[in-house]
Amino acid sequence: MSLFEAHDLSVSFGGIKAVRDVSFSVEPGEVFSIIGPNGAGKTTIFNLVSRFYETDSGTMTFDGVDITGAPPHRIAELGIARTFQNTELFEHETVLTNLLIAHHVHRRTNLVTDLLFLPGARRQELDFRRQVEDVIDLLDLQSYREQPIGALPYGARKMVEIARALCLEPRLLLLDEPSSGLNPEETEDLSFWIEDIVADLGITVAMVEHDMNLVATVSDRVMAMADGAALATGDPTEIQNHPDVLRAYLGD
Amino acid sequence: MRFVLKTNYAQDVNLFLHNGQRFWYGLLALAVLLAPLVLDRFYLGEFAFVYIWAIAGVGVMLLVGYTGLVSLGHAAFLAIGAYAHAWLLTQGVPFVLSVPLATAFCAFVGYIVGLPALRMTGIYLAIATLAFERIAAWVIEHWESVTGGHFGMRVPDPTVFGMSLDGPVPFYYLCLGILGLSLFAALNLLRSPTGRAFIAVRDSEVSAESMGINLARTKCTAFALSAAFTGLAGSLLSHRIGYLAPDAFTVQTSIQLLLMVVVGGLGSLQGVVYGAIFLGLLPQAIAIGRDVLPQWIGEIPGLEPGIFGLILVLFLIFEPLGIHGRWVKIRLWLDQFPLYRRATYKRQRSYLRTERVR
């Protein structure tokens, strides 16, 4: 059974049909990429999955659960984490606090235990702290641990965002243009990390990406989009040579 | 420069990071505990007043500095706390029960006020809370059977288990103790998921939601907690005032509460205390200054609000991070002495969402 399934998704803003009857599925343990020219509706699909936008029609299921009408915070609880195109971190806080915030879905305490910081709350904090360290180790963020986000270079912020998403311990990770703003070396590191995330942590990855090199390296399947519609789905080389995809990028 | 060698994760969870902090905060605790031996009645009263402001400030800071929601209605919570407490005392409820009951009632009212505030941020929320403050003031003026209306009501003396807390020394310790507990509770909150959810909502609502944080519930919790702390301060304030009347709690009080956290430094609990000292002792400093200065300066009408305003403007221009922010910079400068980078704090964005371009 597919981990995530979207069936005939559509959404329009005013007169613009941003996404038109798009169907796709993400299989467990794969890297699924969405490519397409600017304005094709790639990020819109992620925002539909995150439930920031209301779908006009169509359904989405995650692990058999219908999430078409779920509130946004429920998505994270179910096990879908995401990153943002231009990074949306908690600016005034340190990397450590940013990663700790992501543990919110795993909280076992309530307001009263938090106010009194009862032994349970302390144990939970120590657990969270330990788990954060695993992610910091995985993504090599040790040197940034205590730094406020505002003081970090852009490339590091991108990695902190991925780290924060991993702290949710999700089953599906949505990466929105993870390589934008990274230099070629950082992009290469990123491809290794994505492979690690899938192989070692067993997390399924869906990503929107422009860098065809990265897409070809890590993706199992690729969906190409243009003007809100899905053009074709298949393995990376197949999609790169697909006549409809070439037409969308290069014109007739 | 101090390097803290961390050898276990508990060091990141504990309230004090290293022994230096333990020493200085211990010294401070000792100083405030022994203050009644040195200070006379008048200054003890003034310090108790500063502590009450600081308790209210903890509430305002949780909402404004940590959740990023601006409120101009906190004088109402102060008033509701004061009136609820005084009314309960007149009904024969003992002091030790009446304070928590008044606090809980304020939390409930805060939760209700938080509900319509869910969809508002920045200046719109400030105006909505201002409207709430006016409504609360109207109710207090007209609900004569409970509040005494314009005539006001006398607040019974505080007694705990037959012991009067009315004298300056017991009242000083009462305020100090409750301030200590409030700060402890707020610190606990900020090192656990609830407090971090507030911070997440302040810095990025979209991100907070995608981290599984329920925006509506978090904002309502923030409002309820903020109102609870402010109401708690109100119940203590009622004893300091002695006789409650509607004109004790006005829009100006709300603005002073907001001013306290801005001057103290948004996003820090130390800032609350600095702000409370500033707000509580400045009128005294001005009064003393009036005697010292030449007569023609001392007799200028509106000197006090003028100086308040001037200081606020100077802070907003030169140090938006407040007294605490300035202190952090000075400490960093001392730490890194010859190597301090002037640009360290250049790129930071403001805490208040009203000041951001959206």
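Q: Where along chain A does Asp63(A) have its place?

A: Asp63(A) sits in the loop between strand 4 (57–62) and strand 5 (65–66) of chain A. Strands here are DSSP runs of E with at least two residues, helices are runs of H or I with at least four, and both are numbered from the N terminus. The model is a predicted one, in which local features need pLDDT of at least 70 and side-chain atom pairs count only at pLDDT 80 or more, while totals for chains, interfaces and linings use all residues. Residues are numbered from 1 along each chain as its sequence is written, and chains are lettered from A and ligands numbered from 1 in the order in which they are written.

Q: Why is Asp63(A) called partly exposed?

A: A residue is buried with 20 or more other C-beta atoms within 10 Å of its own, exposed with 12 or fewer, and partly exposed in between, the C-beta atoms being placed from the backbone. Asp63(A) has 16 such atoms, so it is partly exposed.

Q: And why does Glu177(A) count as buried?

A: Glu177(A) has 20 other C-beta atoms within 10 Å, so it is buried. This residue is in the loop between strand 7 (172–176) and helix 7 of chain A.

Q: What makes the phi of Asp63(A) worth a look?

A: Most residues other than glycine have a negative phi. Asp63(A) is not a glycine, yet its phi is positive, about 55 degrees. Glu177(A), also not a glycine, has a positive phi of about 45 degrees.

Q: Why is chain A called as compact as a globular protein of its length?

A: Chain A has 10 helices and 10 strands. The globule rule is 2.2 Å times the number of residues to the power 0.38, and the radius of gyration is taken over C-alpha atoms. For 252 residues the rule gives 18 Å, and the radius of gyration of chain A is 19 Å, which is close, so the chain is as compact as a globular protein of that length. Its C-alpha trace spans about 65 × 40 × 35 Å along the principal axes, and 44% of its residues count as buried.

Q: What makes up domain 1 and domain 2 of chain A?

A: Domain bounds come from an automatic or database domain assignment. Domain 1 of chain A is 1–79 + 170–252, and domain 2 is 89–169. Their centres, taken over C-alpha atoms, are separated by 26 Å.

Q: How many residues of domain 1 and domain 2 of chain A are in contact?

A: Two residues are in contact if their C-beta atoms, placed from the backbone, lie within 7 Å. By that test, 10 residues of domain 1 of chain A are in contact with 10 residues of domain 2 of chain A. Helix 7 of chain A gives the most to the side of domain 1 that touches domain 2, with three residues.

Q: Which helix of chain B gives the most to the side that touches chain A?

A: Between the chains, 31 residues of chain B are in contact with 34 residues of chain A. Helix 9 of chain B gives the most to that side of chain B, with seven residues. Helix 9 of chain B is mostly covered, since 11 of its 11 residues are buried. Those buried residues pack against partners that include helix 3 (95–101) and helix 4 (111–116) of chain A.

Q: How do you know that the length of helix 6 of chain B agrees with its number of residues?

A: The expected span of a helix is 1.5 Å times one less than its number of residues. For the 21 residues of helix 6 (residues 122–142) of chain B that should be 30 Å; the end C-alpha atoms are 31 Å apart, which agrees.

Q: What is buried in helix 6 of chain B?

A: Leu125(B), Ala126(B), Thr129(B), Phe132(B), Glu133(B), Ala136(B) and Ile140(B) are buried in helix 6 of chain B. They cover an arc of only 120 degrees around the axis, so they are on the same side of helix 6 of chain B. The arc is that of the directions from the helix axis to the C-beta atoms. On the other side of this helix, exposed residues include Ile123(B) and Trp138(B).
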